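Good morning, everyone, and thank you for making the time. Please have a look at the structure on the screen before I go through it.

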Amino acid sequence: MTEHELSNTSLYTDVCSIIEQSRREAYSSVSQKMIETNWNIGRRVVEKEQKVLAQKGETRAEYKARII
């Protein structure tokens, strides 16, 4: 292999590494946001449920009585 071919191979390898690292970081960011989103949805559901129960004078939800 010539020096030019080795240089191109090295550049290609470096570029591939940069792309793969960026993909891993993007997947991690998306995963973190999905966790945050799902947690916030769950929190909102619980808050709403507690508010409705308080209005009825109840302290515990009657689970399995109906589907949300």
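This is a predicted model: local features need pLDDT of at least 70, side-chain atom pairs count only at pLDDT 80 or more; totals for chains, interfaces and linings use all residues.

Residues are numbered from 1 along each chain as its sequence is written, and side-chain values use heavy atoms, with hydrogens and water left out.

How many salt bridges does a search of the whole structure find? The search finds 3, where a salt bridge is a side-chain nitrogen of Lys or Arg within 4 Å of a carboxyl oxygen of Asp or Glu.

Let me begin with Glu20, which pairs with Arg23 at 3.1 Å between the closest N and O atoms. Both residues belong to helix 1, residues 3–56, and sit 3 residues apart, about one turn of the helix; helices here are DSSP runs of H or I with at least four residues, numbered from the N terminus. Glu20 is partly exposed at 36% relative accessible area, and Arg23 is partly exposed at 43%, the term covering values between buried (under 20%) and exposed (over 50%), with a 1.4 Å probe and protein chains only.

Next, Glu36 and Lys33 form a salt bridge at 3.4 Å, N to O, and they too are in helix 1, 3 residues apart, or about one helical turn. Glu36 is partly exposed, at 38%.

Finally, Arg43 and Glu47 meet at 3.7 Å, N to O, being 4 residues apart in helix 1, again about one helical turn. Arg43 is partly exposed at 36%, and Glu47 is partly exposed at 38%.

How values were computed. Helices (H or I, at least four residues) and strands (E, at least two) are DSSP runs, numbered from the N terminus.
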